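User: I have a structure to go through with you. Can you take my questions one at a time?

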Amino acid sequence: MTNVMPSQSNAAPLPPDTAGGISVEVHDLTVAYDRKPVLWDVDLALPTAKLIAIVGPNGAGKSTLLKAVLGLVPIASGWVSVFGSPLKAARRRVGYVPQRETVDWDFPVDALDVVLMGRYGRLGWFRRPSRADREAARHALDRVGMADLAHRQISQLSGGQQQRVFLARALAQDADLYFMDEPFAGVDAATERAIVVVLQDLRSKGRTVVAVHHDLQTVPEYFDHVALLNMRLVAAGPVASTFTRENLQKTYGGRLTLLDEAAEAVRRGSPG
Amino acid sequence: MSELLRLITLQDPNTRVVLLGTAALGVAAGLVGSFAVLRRRALIGDAVAHAALPGLCVAYFVVGDRSFPAFLAGALAAGVLAAAFVAVVKARTRIKEDAAIAIAIGGFFGLGIVLSRIIQNQPTGNRAGLDSFIFGKAASMVGSDATFIFAVALTITLVVALLYKELKLTVFDRDFAVAQGWPALAIDLALMTLICVCTVAGLPAVGVVLVVALLVIPAVAARFWTNRLPTMLLLAALFGGASGLLGTVLSATLPAPAGVLSRGWPTGPLVVLCASALFLVSLLAAPKRGLLADLVRRVRLRRRIAIQNLLRDAYEHLEPRGDFGAAFRAADLGAGPAHHDEPRRPFERAEALGLIQSAAGEYRLTGQGQAAAARTVRAHRLWELYLIHHADIAPDHVDRDADRLEHVLPPEVLAELEARLEGQVPPGVPASPHALRGSALS
Amino acid sequence: MSFTIGQFLLADTSLFRLGSYGVRADDVWIVATAIACCVACGLVGCFLVLRRMALLGDAISHAILPGLALAFILTGTRSPVAMFAGALAVGVLTAVLSAGLNRFGKVSEDSALGVVFTTLFALGVLMITFAARDVDLDPGCVLYGLIEFTPFDTLSIGGLELPRAFVTLGAILALTLGLIVLFYKELKLVCFDPALATTLGISAAVVHYGLMTLVAATTVASFEAVGSILVIAMLVAPGATAHLLTDRLRTMLLLSALIAALSAVMGYALAVMLNTSVAGMIASVALGLFIVAVVFSPSQGLVAKALRQLRLGLRITREDLLGLLYRAHESEASAPLAHEHLLHRAHAPRSGRWVLALLKRQGLVADDPARGLVLTSRGLDEARAVVRGHRLWETYLATAVGKDPGRVHKPAHATEHFLSPTLQEKLSDELRAPSDPHGKQIP
């Protein structure tokens, strides 16, 4: 416990292969739910044009990290920048694939409608999607292999198909940086393959993908970079050097009990 | 009867305006209600409506006379207060939204009763038209009131049309909207404001207790007919408008019940019951999500399963002989799941479909029947094989599991199965992976 | 039920003047009836609040009206038994219909309730309007109730003339109390952990529908005296108020009953004073008490939370000041430490001045003519604990959490105020480090 911290968790200096620039920088980020910190002082700098996995046990704060970066949950302290500027200035360059369970799939829209929502950001207030937006949405559906199901109501899609619709919606955003919250959760093998192909295609076009990922076995195969998280950042860097047995043991080998206790003390000590 | 004629032909200018007012209101409520229902905000309207009563009374105290716009302004202020009360209680305390709504309904309405009785006790006090607000009496509206409501309803409709895209996105996926940079909270507040305005505008016609029905019922009814939001909005507007129109016409034309103190038929309940009737029709008869359609689908599926089981049993009975055109008797097929309550019906239906032929108590598979049987057995066995190889289920258990699912496997899944099992099964019907039930030779 | 709203209004001004009435016995009966009703509702309501079924109570109390009308149209009498049966049946029907609509029609729970209760209420109003020539049922009565008239409708029991409403509501209260005492364990389990209850063989569904029936019975028995609006308020408000005041079910039930009774008494007194509706006033008081609890509840209230926030802010300022003084003491800086400089560094120019004055009064800080502000020996002890927490946490962040030692100061500065002595001991045991990442000694 008293060894010197791994150099990967340091924001600077950057590993050599990130010379292309930094997509996301997280500085001293602490996030609390119901006053209790769930992420402590995370420092993270992610490269561009890479597929990056966020890995860690249940309750490690993986989704929370994404949501905090996207401004979906309040930040207790620290700051976040995207492509070197505050998130607000870079919104147009950011795409998002939320967890599938976060929406009501009985909502009366079809697959194309959902994908079209990806274009709303650039449309702005009051303007309706144009023919070009429709084309873009159709193209995005085609890229995830769902062109045939464009007019199917979303509750009549399988879990994998729903996930592909969400992915297509993010593609329709035409962003430079994508945040994906468990894109592979509960999908069939065919969908998993399709998603991987899309991700690799994005990378080849210089886009960056940050995905919360559960399946440790596929991390080296699917991703270039990895960030290991368990309430605090354990390590981050290229998969080859970071995704090691030692780091995984640190990530999954139980939580830091004192961190838990301190979190509880902060919760009890703060008024709601 | 002549009065009805006058109404329908809109000869009386006052009636014409009142009818237009209630119909426009129904349209607006249908639109706003659709979003409210989808956002699970349906019953906030109830709190807003009940809270309107003290607002009306305070407006009366302030203005000192029956003034329609002042009444609506007072009701709106109180309604917004109630909505804010619910929001604050929900956000800042451990009390859940449902309890907060119920407290707002009971508490604010109680306060309203207290105030209205105080008004009544004043020497100059009459109910100041408050009564018509509680149960709704469109007929007591004058032309200018109705024009006002028409204008409000029109504004609501325009705002919904303008904000359609933003409302749809925020209601469906709030997180995504925020991530895209939309001010979800402001859009949410806009929806709440629309709900409040719509509820208050509906009070004179439908009344405090029932106005929430105008928001909820047309929207829920419309949802049964379609899976597309624009169609749902259109239908909800249509149902709402029709209910408003019909209820008002009925209230004005039905012969008043003969009671000493009877004041004619109240509009509110009639409007609501028109909407309820539309809802009932939708619930039962809607082609996609209606109960009858569901029932038909279930019956069809059961019949298809019965016929498929019959074909499969026949196929497996004939399989050892290698002659699928041979004759068999019903008794040969044992007592599989196909032959429960009405043993003869599947045979009759299969024969009517040209899958089997009967002669002298014996049956034969027709050519078409043999092909169908082969398809069924193939699907069954592919699924069994898949379960054994990929889901790790013991061979003697797969028959039951396969039995349940094979009938609902869509073609693309079957294709996927074949792809998965590639190389493991020959083309055509694979051999059964387990001993067949019932001896085929008996 | 024998008054139409018209007669009611008439009675209100001429026949019924409480101020000059002078018969105190009537007041007592009215208050007693109100208390019985409110307490019965309040007790059941605790479970509605906890089970998140508050709106079902609302829907059931609206469904009373069609139940009454139906009973009258079917039997042709206004016999209490028929009325009770009709209202109870429609009340339970509301629950069943909305649950069915939710399950089979895929309509969300709240929308299903909205559809069912408004439809039934509308039917009720129409049926009553239709039957108006035969019976004096008035929707208004059902909404507002006629508690002012309870003393005039009496029953003779064992030679005693008792108001009928009081007898009915007393019986319902006794029944409610009995059921709660009898099934306390089961109710508690179903409220807090329905899944566990089911594994223990307590059917959540049975308890659910049992509760529904009890709500319906209470509602039906109450509405005639107090009207359905008061029932809605009393079913939820006292339970919710009590829930803001305690975490224990037993205390919550007791408090809810007390709050309900208090609402009844205060509501009646205020109504008499202002010469207005008793039921309406009781509901208003219940709402008022709820708002008071929202604002002033010692544990949950908005004021208590704001006070805790303020106290925390002051404590943080105090500890920051002590920490700064300790570090000055440690470095033995020769330059005298001035007030302004210290307050600036503690980021609390205004509250800091006040806190500093308090520290001096408490004898923790003193003005030394030569060195400026200094810690007394007692101040030194307290300051040492603060700095110790800070440096322990810095060390923990740098070693166990793996942060850059150059960036641990700020996070530790935020957390140091929450590290209790026991937590500090645990940290110290685990770290066994004599100095922090910056090489400073951990005191």
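User: How much area is buried between chain B and chain A?
Analyst: About 3,000 Å², with 59% of that from carbon and sulfur atoms. Buried area is the accessible area (1.4 Å probe) that two parts lose on being put together, summed over both. A caution on the source: this is a predicted model, where local features need pLDDT of at least 70 and side-chain atom pairs count only at pLDDT 80 or more, while totals for chains, interfaces and linings use all residues. Residues are numbered from 1 along each chain as its sequence is written, chains are lettered from A and ligands numbered from 1 in the order in which they are written, and side-chain values use heavy atoms, leaving out hydrogens and water.

User: Which three residues of chain B supply more of its buried area than any other three?
Analyst: Lys165(B), Phe172(B) and Phe176(B). Together they supply 25% of the area that chain B buries against chain A.

User: How many residues are in contact?
Analyst: 31 from chain B and 36 from chain A. Contact means heavy atoms within 4.5 Å.

User: And how many salt bridges between the chains?
Analyst: The count is 7. The rule is a side-chain nitrogen of Lys or Arg within 4 Å of a carboxyl oxygen of Asp or Glu. Asp113(A) and Lys168(B) form a salt bridge, at 3.8 Å from N to O.

User: Which helix gives the largest share of chain B's side?
Analyst: H8(B), with 7 residues. Helices are DSSP runs of H or I, at least four residues, and strands are runs of E, at least two, numbered from the N terminus. H8 covers 164-172 in chain B.

User: New topic. Is E3(A), residues 51-55, mostly covered or uncovered?
Analyst: Mostly covered: 5 of its 5 residues are buried. Buried means under 20% relative accessible area (1.4 Å probe, protein chains only), exposed over 50%, partly exposed in between.

User: Which residues sit on each face of E3(A)?
Analyst: Leu51(A), Ala53(A) and Val55(A) are on one side, with Ile52(A) and Ile54(A) on the other.

User: What does E3(A) pair with?
Analyst: E7(A), residues 208-212, in the parallel sense over 4 bridges. E8(A), residues 225-230, is also parallel to E3(A), again with 4 bridges. Two strands pair if DSSP finds at least two bridges between them. Leu51(A) has Val209(A) as its bridge partner in E7(A), and Ala53(A) is opposite Val226(A) in E8(A).

User: What is the strand order in chain B's open sheet of 3 strands?
Analyst: E1-E3-E2, with antiparallel pairing. E1(B) and E2(B) are at the edges with a single partner strand each, so one side of each lacks a neighbour in the sheet.
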